[in-house]
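This briefing goes through a single protein chain, topic by topic. The sequence and structure come first, and the notes follow.

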Amino acid sequence: MEDYDVRSAASILASVKEQEARFEQLTRALEEERRNVTLQLERANMPPNAPNSQPLAWQQVVMQLWSAMGTA
């Protein structure tokens with residue numbers, strides 16, 4: 001019975017570690033998305049004739065998220 005408890009605890013710990021890693025990954029992706037949205041908002045407030053090097057940055061974020069989730 002004790003072996004089962006140890007394996008169960010080890011399994012729970014491994015699951016928690018995986019969830020922590022996924023949370024960190026999602027936190028980084030969310031922060032990147034926040035930066036890109038901020039950039040888009042700043043560009044939207046620029047005068048119409050100001051240079052705009054990345055008009056589709058939000059699409060790049062979506063593609064990065066898809067890649068990170070393994071759906072692309």
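Arg35 has a relative accessible area of 41% and therefore counts as partly exposed, as the value lies between the 20% and 50% cut-offs. The model is a predicted one. Arg35 takes part in a salt bridge with Glu31 and in another with Glu32.

- The structure contains 3 salt bridges.
- Glu31, Glu32, Arg34 and Arg35 are joined by salt bridges into a network.
- In the pair Arg35 and Glu31, the N to O distance is 3.5 Å; both residues belong to helix H1 and sit 4 residues apart, about one turn of the helix.
- In the pair Arg35 and Glu32, the closest N and O atoms are 2.6 Å apart; both residues are in helix H1, with a spacing of 3 residues, again about one turn of the helix.
- Glu31 also forms a salt bridge with Arg34, where the closest N and O atoms are 2.6 Å apart.
- Because Glu31 and Arg34 are 3 residues apart in helix H1, about one helical turn separates them.

**Exposure of the network residues**

- Glu31 has a relative accessible area of 31%, so this residue is partly exposed.
- Glu32 is partly exposed as well, at a relative accessible area of 27%.
- Arg34 counts as partly exposed, with 46% relative accessibility.

**Helices and overall burial**

- The protein has 2 helices and 0 strands.
- Helix H1 covers residues 2-44, which is 43 residues.
- At 1.5 Å a residue, helix H1 should span 63 Å; the C-alpha atoms at its ends are 62 Å apart, so the two values agree.
- Helix H2 covers residues 57-69.
- Of the 72 residues in the protein, 7% count as buried.
- Within H1, the buried residues are Ala29, Asn36 and Arg43.
- The accessible surface of the protein is about 6200 Å², and carbon and sulfur atoms account for 60% of that area.

**Nonpolar surface patch**

- Which residues form a nonpolar patch on the surface? Met63, Trp66 and Met69 do, with about 330 Å² of accessible area together.
- Met69 lies in helix H2.

**Pairs separated in sequence**

- Gln25 is located in helix H1, and Met69 is located in helix H2.
- How far apart are Gln25 and Met69 in space, C-alpha to C-alpha? The distance is 10.0 Å, while in sequence Gln25 and Met69 are 44 residues apart.
- Gln25 is partly exposed, with a relative accessible area of 33%.
- Gln60 is located in helix H2.
- The C-alpha atoms of Gln60 and Glu33 are separated by 9.6 Å, and these two residues are 27 residues apart along the chain.
- Gln60 has 39% relative accessibility, so Gln60 counts as partly exposed.

Terms used:
Residues are numbered from 1 along each chain as its sequence is written. This is a predicted model: local features need pLDDT of at least 70, side-chain atom pairs count only at pLDDT 80 or more; totals for chains, interfaces and linings use all residues. Side-chain values use heavy atoms; hydrogens and water are left out. Buried means under 20% relative accessible area, exposed over 50%, partly exposed in between (1.4 Å probe, protein chains only). Accessible areas come from the Shrake-Rupley method with a 1.4 Å probe; for residues, only the protein chains shown count as cover. Patches are made of residues with over 30% relative accessible area and no salt bridge: like charges are joined within 9 Å, nonpolar side chains (Val, Leu, Ile, Met, Phe, Trp, Tyr) within 5 Å. A salt bridge is a side-chain nitrogen of Lys or Arg within 4 Å of a carboxyl oxygen of Asp or Glu. The expected span of a helix is 1.5 Å times one less than its number of residues.
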